[in-house]
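Me: Please take a close look at one part, the ligand and what surrounds it. Give the cut-offs as you go, and keep it plain.

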Amino acid sequence: MQTKNPDETVIIMTELVLPNDTNLYGNLMGGRLMYWMDIAAALSASKHCNAPVVTASVDNISFESPIKLGNVVHIEAKVTRAFTTSMEIHLRVWGEDLTHQYRYKSNEAYYTFVALDPNRKPRPVPQLVPVTETETKLFEGALRRRQLRLILGGKMKPDDAAELKALFVKD
Ligand SMILES: CC(C)(COP(=O)(O)OP(=O)(O)OC[C@H]1O[C@@H](n2cnc3c(N)ncnc32)[C@H](O)[C@@H]1OP(=O)(O)O)[C@@H](O)C(=O)NCCC(=O)NCCS
């Protein structure tokens with residue numbers, strides 16, 4: 001299977017916050033944003049593996065700044081690392097006020113997707129080769145984040161998470 005680089009997996013999504021997307025305070029609802037992020041992440045993962053994918057997990061998302069009614073939402077999704085059948089996708093979100101001409105960071109998150117074969121079973125994905133320094137850091141961190149989410153999901157024993165443990169336990 002051919003390897004890919006992170007730039008080949010980039011998805012940029014742009015949305016406009018309309019009244020139906022907002023809460024009582026006129027801010028974009030978290031659930032609507034997570035829905036858009038899920039779609040952007042799925043497209044990025046699918047672009048990487050050229051197969052249908054499903055969401056396996058979503059890491060914690062904290063909303064740093066609310067996005068206001070009438071503002072633009074920019075979502076960038078990019079694969080950070082491919083494992084055997086799963087891929088980690090990094091999402092970054094900004095709001096933009098076109099009238100007053102400023103752009104602000106809203107939040108970021110990591111999503112994990114799994115590629116499926118025609119029988120809906122997990123299938124192998126191409127490996128991702130980081131190119132830039134930032135991509136390499138995200139690639140290395142992906143292993144620890146994977147261990148943490150598999151432990152929290154009850155799919156890995158803490159004792160097997162060597163790279164994650166190394167962050168906390170010094171010899
Ligand atoms: C995600 C799913 C395909 C995993 O299938 P599974 O039978 O548990 O398969 P496995 O245990 O062999 O795991 C397959 C991959 O999923 C990853 N995975 C499983 N659970 C995970 C979790 N909680 N977080 C992150 N990755 C997970 C595994 O690490 C493995 O990745 P790897 O092959 O790269 O090592 C399956 O649980 C599923 O279909 N879930 C529902 C998906 C869905 O409907 N999403 C929309 C949600 S609303």
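Reply: Strand 2 gives the most to the shell around the ligand, with four residues. Helices (H or I, at least four residues) and strands (E, at least two) are DSSP runs numbered from the N terminus. This is a predicted model, in which local features need pLDDT of at least 70 and side-chain atom pairs count only at pLDDT 80 or more, while totals for chains, interfaces and linings use all residues. Residues are numbered from 1 along each chain as its sequence is written, and side-chain values use heavy atoms, with hydrogens and water left out.

Strand 5 and helix 2, like strand 2, each supply at least two residues of the shell. The ligand is surrounded by 15 residues, and T84, T85, S86, R146 and K155 are the closest; a residue is near if one of its heavy atoms lies within 4 Å. By class, the shell holds six nonpolar, six polar and three charged residues. Nonpolar means Ala, Val, Leu, Ile, Met, Phe, Trp, Tyr, Cys or Pro, charged means Asp, Glu, Lys or Arg, and the others, Gly among them, are polar.

On the oxygen side, a polar side-chain atom of S86 is 2.7 Å from a ligand oxygen atom, and an N or O atom in the side chain of K155 lies 2.9 Å from a ligand oxygen atom. On its own the ligand has 930 Å² of accessible area, of which the protein covers 54% (Shrake-Rupley method, 1.4 Å probe).

Next, the pockets. A pocket is an open set of points on a 1 Å grid over the protein atoms alone, where a 1.4 Å probe fits, with protein on both sides within 12 Å along at least five of seven lines; its lining residues have an atom within 4 Å of a point. The volume of the largest pocket is about 560 Å³, counted as the space filled by probe spheres set on the points, which are joined across faces, edges and corners. Its lining has 24 residues, and S57, T112, R146, R149 and L150 lie nearest the centre. Two or more lining residues come from each of strand 2 (53-58), strand 4 (86-97), strand 5 (102-115) and helix 2 (133-152). Helix 2 has the largest share, six residues. The lining divides into 10 nonpolar, seven polar and seven charged residues.

The second largest pocket holds about 150 Å³ of space. Residues that line the second largest pocket include P6, H90, R92 and E135. Strand 3 (72-82), strand 4 and helix 2 each give two or more residues to that lining, and strand 3 gives the most, with four.

Key:
Polar contact = N/O pair within 3.5 Å; in protein donor to acceptor, adjacent residues only side chain to side chain.
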